[in-house]
Amino acid sequence: MTKGENASMTDPRFAALPTAPGKIIAIHLSYESRAAQRGRRPAAPSYFFKPASSVASSGAQIERPFGTELLAFEGEIALIIGTPARNVSIEDAWSHVAWVTATNDWGLYDLRDNDKGSNVRNKGRDGYTPVGPKLIDARRVDPSALRVRTWHNGQLVQDDTTADLIFPLAQFVADLSQHLTLEAGDIVLTGTPAGSSVAQPGDVIEVEVDAPVADGAPTSGRLVTTVVAGSRCFDPELGSLPSVDDRQREEAWGSRAAANLPAAEPAAPALSPEVRAKLLEAPVAGLSQALRKRGLDNVSIDGVRPMHQATKLVGTAKTLRFVPNREDLFRSHGGGYNAQKRAFDSVSPGEVIVIEARGERGSGTLGDVLALRAKARNAAGIVTDGGVRDFATVAEIGIPVFSQGGHPAVLGRKHVPWDIDVAIACGGATVLPGDVIVGDDDGVIVIPAALAEEVADAALAQEVEDAWVAEQVAAGHPVDGLFPMNAAWRARYEQARGNVED
């Protein structure tokens, strides 16, 4: 008898399994229904590990820690490896799967951002991988005809089949075997369909996997888990604290409506190629003048300069807000997949990342890696009223950057990355997501999107007028009455432009 077999016989957590698993590997996103819900479809599978200590049996309780709100269930199909698989083909992969059963890939979204990618804390807690209660012989079933269903307090909330998978089950086994040996007893969690949501203390979640078209319609039976409230607080001295925003609420509950959030504001219209071309031609000074004539005088992002002369920047704002550094807040918001990283990872082509750093230039608000990420995402540029680390390297990357200058310090010296896609104050100007940002050697201004074409046209018209005035001055005329033009000079200008009859 092996150590793992002995553990499965003596530890009730592994009662449904042939042996305690050496490793548990889970799939991030695998069902078409879930991909449609999330608005993103992966080109290839991606994975994360869960510890064996997270395994629980049917009938177990799962704890929602004190101070958290987003404990989400995910009904899934679990594959249990029967014979070692290393560099196996997709045609041979299913023969290495011995059993299929139900699992619930519980996750605590309150820790998701700080855990981004690894999922160690938000999905690795004790009891967060219940499996069972019965095993289905993999040889008896068609892997493309399995069904997974989940009930929340008796109501069916998830119901999908492996026919809806983006990738076939065998592909997970074959792909993983390219990188590591899947050993007997290892578990592969194959992702969840749409319908995953949040459970509260007292709720009962049941998951069942079956093969309804196979002989005898084998089933795992219902895997039952009851949610209970925890009482122990997280220690802020030890690591990241739970944090929640509306994005996490939406993804945990499954939709903004389910999370009782207001409907998302419609996305700001992107600049059309025609308006972008006009703004690239129009100087910031002229645009500023046109805005002032329309009653907007507080639109300049003061104190920032381009890294290179003759830089022109045009794009729509994606905002990032830093707050003054406070040690406890930096511990909870500064590490992991923080707001700064999220901003640079999610910037869209043609957007300008605009950073509120309160004019504090005593620390970098970005460096070479983030500048590279922005360029790879085809961002239009970056504006920060703080400093830039790795200044020379960022300059070589070539993306337009306007800042207060260089500073060698890392983020945590002066700032805590706090939020993205919110109203910010940058260089004394209010910037809303979707505002139009234009910069050149004179500085950077903010234009309400609805006014962009109007002020661009006005600025370009003013450029033509100013060029004519300059010609008259160069010809020896005094500026008095010419700049600005009085009625007589205006009439001459209109005649020269062909706007009046001779």
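## Close-up views of a predicted model

**Figure 1. A proline in strand β9.** Proline 133 has its place in strand β9, which covers residues 129-137. The model shown here and in the other views is predicted. Glycine 132 and proline 133 are joined by a cis peptide bond, with omega at about 0°.

**Figure 2. The whole chain, for orientation.** The secondary structure of the chain amounts to 14 helices and 26 strands. Of the 502 residues, 50% are buried. Among contacts between residues at least 6 apart in sequence, 76% join residues at least 24 apart.

**Figure 3. Helix α8 and its two faces.** Helix α8 runs over residues 284-293, and its buried residues are Val284, Gly286, Leu287, Ala290 and Leu291. These residues lie on the same side of α8 because they cover an arc of only 160° around the axis. What lies over them? The cover of the buried residues of α8 includes helix α7 (273-281), strands β25 (436-440) and β26 (443-447), and helix α13 (452-474). The face turned away from the buried side carries Arg292 and Lys293, which are exposed. After α8 comes glycine 295, with a positive phi near 85°.

**Figure 4. Helix α11 and the residue that follows.** The buried residues of α11 are Leu370, Ala371 and Ala374. They cover an arc of only 100° around the axis, and therefore sit on the same side of α11. Helices α10 and α12 are among the elements that cover these buried residues, as are strands β19 (351-356) and β20. On the face turned away from the buried side, α11 carries the exposed residues Val369 and Ala376. Asparagine 378, with a positive phi near 65°, follows α11.

**Figure 5. Two residues with positive phi that are not glycine.** Asparagine 378 is not a glycine, yet its phi is positive, at about 65°. Asparagine 378 sits in the loop between α11 (368-376) and β20 (381-384). Is asparagine 378 buried or exposed? With a relative accessible area of 52%, asparagine 378 is exposed, because the term applies over 50%. Aspartate 390 is not a glycine either, and has a positive phi of about 55°. The loop between β20 and α12 (391-397) holds aspartate 390. Aspartate 390 counts as partly exposed, because its relative accessibility is 30%.

**Figure 6. Asparagine 338 in a loop between two helices.** The loop between α9 (327-333) and α10 (339-346) contains asparagine 338. Its relative accessible area is 4%, so asparagine 338 is buried; the term applies under 20%. Leaving out residues up to four places away in sequence, asparagine 338 touches His333 and Pro417. From asparagine 338 to valine 383 the separation is 45 residues in sequence and 19 Å in space, C-alpha to C-alpha.

**Figure 7. Leucine 482 and the residues it touches.** Leucine 482 is found in the loop between α13 and α14 (487-496). Leucine 482 counts as buried because its relative accessibility is 0%. Which residues does leucine 482 touch, not counting residues up to four places away in sequence? They are Trp468, Val469, Gln472, Val473, His477 and Trp489. Leucine 482 and glutamate 494 are 12 residues apart in sequence, and their C-alpha atoms are 13 Å apart in space.

**Figure 8. The second largest pocket.** The volume of the second largest pocket is about 390 Å³. Its lining is made up of 15 residues. Arg121, Arg125, Cys233, Phe234 and Asp235 are the lining residues that lie nearest the centre of the pocket. By type, the lining residues of this pocket divide into six nonpolar, three polar and six charged.

Conventions: Residues numbered from 1 in each chain as written. Predicted model: local features only at pLDDT ≥ 70, side-chain atom pairs only at ≥ 80, totals over all residues. Heavy atoms only, no water. 1 Å grid on protein atoms, 1.4 Å probe; cavity = no way out; pocket = protein on both sides within 12 Å on 5 of 7 lines; lining within 4 Å. Points joined across faces, edges and corners; volume = space filled by probe spheres on them. Nonpolar A, V, L, I, M, F, W, Y, C, P; charged D, E, K, R; others polar. Buried < 20%, exposed > 50% of the residue type's maximum accessible area, 1.4 Å probe, protein only. Helix = DSSP H or I, 4+ residues; strand = E, 2+ residues; numbered from the N terminus. Arc of directions from axis to C-beta. Contact = heavy atoms within 4.5 Å.
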